[in-house]
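Dear colleague,

I am passing on the structure below, with notes on what was found in it. Please read the notes alongside the coordinates.

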Amino acid sequence: MTRHGYHKIFQVDEKAPQNASFVSYVLFQWMNSVFETGKQRALEQSDFLPLSEENRTSFLTEKLQECWRKEERKCHETRGRPKLWKSVIRTISFREQMILIYMGFYRSFFRIPSPLLLGYLLSALMFSEPQKILLYGCALALFFSALMERVTAQMLMYRCELLGITLSSALKGLVYHKTLLLSKDALFQYTTGKVIDLVSNDIQRLEGEAIKWIFLGFISLIELLIVPFLMVYFIGWQSLVGVLFLYLLLPYYLLLSRGGAVLRLRTAAVSDQRLSLMNQVVSGIRSLKIHAWEDEYRQQIRSTRRKEISIIRKMCAVRAGVLALRFSSISIATLLSVITLLLTEETLTPVNVFMLISFNNMLVICICSYLGFALLEGYEAYASLGRIEEFLLLKNLRVNSSDCSSRKETESEAENPSEKKRNSDCHKKLRDVSTTNELQDQTILRVRSLAYKQTERQDSYILQGIEFCALASSLTVITGPVGCGKTTLLSVIAGEVSCTHGQVSCQGTLVFVPQTAWVFSGTIRDNIFFGLSYEESKYTRVIEACALTDDIQQLPDTDQTGVGERGVVLSGGQRARVSLARAVYADADVYVLDDPLSAVDFKVGQHIFEKCVKELLGDKTRMMTSHHEDHMKDADEVIVLCKGRVLEKGSFLELQDKGILNNTIDPLYKKISKGSSGEEFTIEKEIGNLEAAGNLIGTENPSKEIRSLLMPQEDREIGVISSKLYWNYFRSGMDTWMIVAIILFIIIVQAFAGLALAYVVQKFGPAQIAVRRTAEVENFMTSVERVITYAKLEFEPGYRIEQRPPENWPSKGNIIFKDVSLTYYPGGPQVLKKIKVNFKGGTKVGIAGRTGAGKSSFVAALMRMPESFGEIIIDGIPIKEINLQETRRRISVLGQSPVLFSGSLRKNLDLTEQFTDADLWQVLKDVQLKEFVKSLHGQLDHKLLENGANISVGERHLICLARVLLQRNKIIVLDEPTANVDPETEETIWGVVRQKLRDSTVITIAHRLKTIKDCDKFLVLKHGMVAEFDKWDSLVNTEGSE
C-alpha cells in the first residue's frame, strides 16, 4: 500500500498458480514463498503473487455487466423482471463449471469405495488364516482412497472459495458502477447504510461458504443415487428403511431454509438501519458532541443492535436445527435398518453392520450437511441477490439530451449497451452529451418547459415552466431566495436529477460543482487531478486561480499532504476551493457552479471570481448561483427564480430598473453610487480600512495541526493472536458463571483427549475442517483485536467529572478566559496562546482573523474540544470542574456546515422532546420556515433523509438555526450562520437573533464583515493571540492596527 492509497501489482512470477506444475498446484506449493516471507516479516502488497487477467476485478465486473445487460434486454422484450441470479450463473465460465464437476465426480469416485474396502478388510480378518496380501492391499487401498478423496475435496473447496471471491468482486464492481449512475431521486430510496450492507453482508455472503455448500449439495446427488443401490446389493433391501428415513428429512430442511431466508431479509433491514445510523453518527460526531446527544444516539444504536441480534439468534436457531440431526440421524437410520434386518431374520455380521454404518454415515453427510446447508445457504444467497437486484433495477440518470416526458424513450436509451458503456465513465464527474439538431449556432445549453416534482412533495412542483438558453463563452447567474429551486435546477441540468417534464439540451462536456464540496481521502493533488495526467503549467494556473497557492505552501507536504477522510484536514473554504480546482482542471465545455464562493471570504471570493470564473474559464459556458452584485453585473444574463418559476431574466441593469433585485442582492457587495449618503460611504470606507488592516478575514486551518490529522499507518506485528485477546473477547460476551462452566468442562474432557485425537487421525475430513476453522478463527480475531484496541482509546476526561452545575446555569452568560492556551494533541503546537478576554453577559461579540489565526480554536476551547490549559469561567464557575456534557448542553452552537440526521423533523429540532409543538412552530416561524414545513408531507413528522438530503442546504441551515433558538441558552456561538441564505432571509435572521437572543451572549465568527458589524465588540485574533479586542469604531480609528 502506498502512503495515501493503493497501486496495482504488475510483476510476473513464475510461481503463480497459472504457471505452476500440477503437483505444485494440487499441493499449493506455489504459495510457499509467501508463507516463508510472512514468517520473517509483515507482508507487503509486492510479496503477493500477481492475479491472472481472468481474476481481475475489472475483467470480472465487465463480464457480469454484459450478462446483466443481456438479461435486462431479454426481459424488456418479454416485459418480465430481470433476474440477477441468472446473470451470476452465466458469469461462471463453462471451463470453471467443468473443473468443479470433474473434481466433484473424482471426490465421489474415491469416497464411495471406502465402505466397500472396509467390508473386504473386515471380511478378510474374519478368516482363521487371513491372507496378508489381501489385508495389506485393502488397508493400502483404503488409505489411498481416503487420501485422494481429501486431496480432491481440498482442491474443490479451494476452487469454490475462489469462485465465491470472483463472483463477490464482480458484484461489488457492479454495485459500485450503479451508484455512479443513480439520480438523486433514486438515491432517496437507499441510505448509505443500505448500500454498505449490500456490499458488506449480502455480497459477502457469496464470498463465504455459500458457493461451497451449494455445489456440494449438487454433487451429493450423485452419491444419493449410487449408494442405495450398493446397499441393496451388498446388504439387502432392509437397509433402505434407514435411507427412507433420511430422505424424509429433506422437507424438514427445506422448511428451515425458507425460514432462514425470511429471517435473512429481516436481519438485512435492521442492519441497514444500524449501518445508516452509525454512518451518520461517525460523520456528524462533532455536531453530536456539541449538542451532548451521545447518550440519546447510543441508546438508539443499542436498541437497533438488540433488534438485529434478536433476529440473528433466531437464524442461529435455524442453523442449529440443521445441525441437530447431523449426529443423531445416523444412529436412528442404522437402528431402523438393523431392526428391519432382525425382523426379516437376516443374519447380522460385522461386515454388514460396519458397511451399513459407513454407508449411512455417507448419506447422513450428504443429506444433513451438504443438502441441508445447500438449501439454507442457497435460500439466503437468493434473498441477498434479490436485494442487490432491487438496487440494480433503480432508474439510471439520463445520458443524452432528451425529452424528460418521454419515459419509454428514456428507458430504452438506458438499456442500450453503448450508452451504458458511457455511463461507466461517470466517476470523472463529466457528462459527455451529443449535439442535437435543436441547438442553434452559438447556443450551448437550452432548457425548455422544465418541470420537476419530488416524490416527497406530490402536491407541488419544485421547478415549473423553466425556459432559457446559454450561449458559448457566456456567464449566467441564477439568484433567488432560499428554497426557490436554484440547486435543483442546476442538478437537473447536470443530470444529477431527472426532470418530470421538459427538455435539457447541451453541447459538449459538462462539469458540476455542488454547493457542498466533496473531497475524498487522498492528497490534495489526487483530489485535483482525479485520475487525469499531470500538466505542470495547467496545474499551476488552476491552483493560482482558485487561490490555493498560499494554502498549499503552508501545508507540511505541500500538495502531497493527505487531506484525511472527507477532507477533515482542510477548512470548509479550502474544501470548496479544492472541489472547484478539480472541476477547472477537468477542462470541460460547460461549467455548472452551485454557489461555489459561499464558503470563502470576500477577498478570496473576489480573487476566484476574477481569476478563475472570468479569466481562466472565460471561453467556457458558465452557469452559477450567487447573490453578489458584482457577479450579476459581469453576467451576460441574470435569472431570478421564485417558488420554482422564473420570475424574470435579463441583464443586471434591466432587472435593477424593474426593481426585481432589491431583495436578492447581498448588501455587502453594493457599490456606492454618486447619490449615496455620507453614512453609507462611511460604512464602506470602514470596511475597506479594516480589510486593509492586515487582511484579517479568512478561513481557519492551522497548517501545523495537519500532521496530527493524517491517517497513521496501522501497526502490524508478526506472530499469533495472544491468549489474552481470546480471554478478553469471551469475557466481553459471557457472564462469569459461563466462563467458570467452560473451564470446568475443559478440565473434565482432558481425559478424553487421546481418544479424540485418535478419532481425528482416522478421519481426514474432520481434521482438515478443524485446521481450516482454526486458521479462520485466528484471522477473525485480528478484527476483534482492532475493535478492542479502539475501545481502549482514552476518552475525554470531562466525562468522568460527575459534578453538575446549578439548574439555571449560566443565568447571565459572563465568559472569562484566563491565560487560555490550546493544543490539539500532546506535544503539538499551540493554536491559542495565553488568551485573556472577558465577555459580559448579553454582549454580542464578533471574532475575526486570518487563516490560522485561531477563530475556530477559540470556540473549540470554549466547547472543551479538547480541554485547554488555563481557566475558562462562565458565570463564576470554571467549566473544567463540571461535567463535560453539561457544559456543552448549556452552550448552543450553529456551525458553518449544517448537520441533520435521518428521522423526523421534530426529532432534529427537539431530540429529547422537551418542547411543545407550539414552541416548534414558533421557532420555525422566526426563521421563515413555517410555510415550508406546512407544505411537507407529515409536517413536523416529515422524514428527513441522511444529512437532510431531501431539502436544500439553505433550508438545512435554517432548521439548525431554529434548533439554536429553541434551546434558549444564554451563550450562543454562530459560525458563518447566513452563508447559504439569500440577503432578505439574512436580514430577517439577524433581526430574529437581535430580538430573541438580546439577553444572550452571542459569539459570531464570520468571513464577511457586514455579518459582524453590528456586534458590541470585536475580537481580532492573530497567530493564536489577541491582536485587538474593542468596539468597531475604536478598531477602525486605531492607527496601524492589524
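**Notes on the structure**

G502 is found in strand 5, which spans residues 501-506; helices (H or I, at least four residues) and strands (E, at least two) are DSSP runs, numbered from the N terminus. G502 is buried, with a relative accessible area of 11%, where buried means under 20% relative accessible area, exposed means over 50%, and partly exposed lies in between (1.4 Å probe, protein chains only). From G502 to V447 the C-alpha to C-alpha distance is 7.7 Å, although the two are 55 residues apart in sequence.

Before going further, please keep in mind that this is a predicted model, in which local features need pLDDT of at least 70 and side-chain atom pairs count only at pLDDT 80 or more, whereas totals for chains, interfaces and linings use all residues. Residues are numbered from 1 along each chain as its sequence is written, and side-chain values use heavy atoms, with hydrogens and water left out.

As for the whole protein, there are 39 helices and 22 strands, and buried residues make up 49% of its 1042 residues. Among contacts (heavy atoms within 4.5 Å) between residues at least 6 apart in sequence, 78% join residues at least 24 apart.

**Strands and sheets**

Strand 6 is mostly covered, since five of its six residues are buried. Strand 6 pairs with strand 7 (residues 590-593) in the parallel sense, over four bridges; two strands are said to pair if DSSP finds at least two bridges between them. Within this pairing, L510 stands opposite V590 in strand 7.

An open sheet of four strands has the order 12-11-14-15, with antiparallel pairing. Its edge strands are strand 12 (832-839) and strand 15 (877-878), each of which pairs on one side only. Strand 11 (residues 815-822) and strand 14 (residues 869-874) run antiparallel and are joined by five bridges, and I815 stands opposite I874 in strand 14. Helix 31 (residues 855-862) packs on this sheet, touching strand 11, strand 12 and strand 14, and its direction makes about 110 degrees with that of strand 11; for that angle, axes are lines fitted to C-alpha atoms, for helices over the stretch in contact, and angles run from 0 to 180 degrees between N-to-C directions.

Strand 21 (residues 1017-1022) and strand 22 (residues 1025-1030) also run antiparallel, joined by five bridges, and the bridge partner of L1021 in strand 22 is V1026. The hairpin of these strands has two residues between them, and H1023 takes a positive phi near 55 degrees there.

**Aromatic rings**

A search of the whole structure finds 23 aromatic pairs, where rings of Phe, Tyr and Trp (its six-membered ring) pair if their centres lie within 6.5 Å, and planes under 30 degrees apart count as stacked, over 60 as edge-to-face and the rest as tilted.

W518 and F530 form an edge-to-face pair, at 5.8 Å centre to centre with 80 degrees between the planes. W518 sits in the loop between strand 6 (508-513) and helix 18 (524-529), and F530 in the loop between helix 18 and helix 19 (536-545), twelve residues apart. W518 counts as partly exposed, at 41% relative accessibility.

F529, Y534, Y539 and Y585 form one aromatic cluster. R525 lies over the face of Y539, at 5.4 Å from the ring centre, and R582 lies over the face of F530, at 5.4 Å from the ring centre; a charge sits over a ring if NZ of Lys or CZ of Arg is within 6 Å of the ring centre and within 35 degrees of the ring normal.

**Cysteines**

The structure holds zero disulfides, a disulfide being a pair of cysteine sulfur atoms within 2.5 Å. C366 is in no disulfide, and the nearest cysteine sulfur, that of C368, is 9.8 Å away; C366 counts as buried, at 0% relative accessibility. The sulfur of C484 is 7.4 Å from the closest cysteine sulfur, in C642, which is too far for a bond, and C484 is buried, with a relative accessible area of 1%.

With best regards
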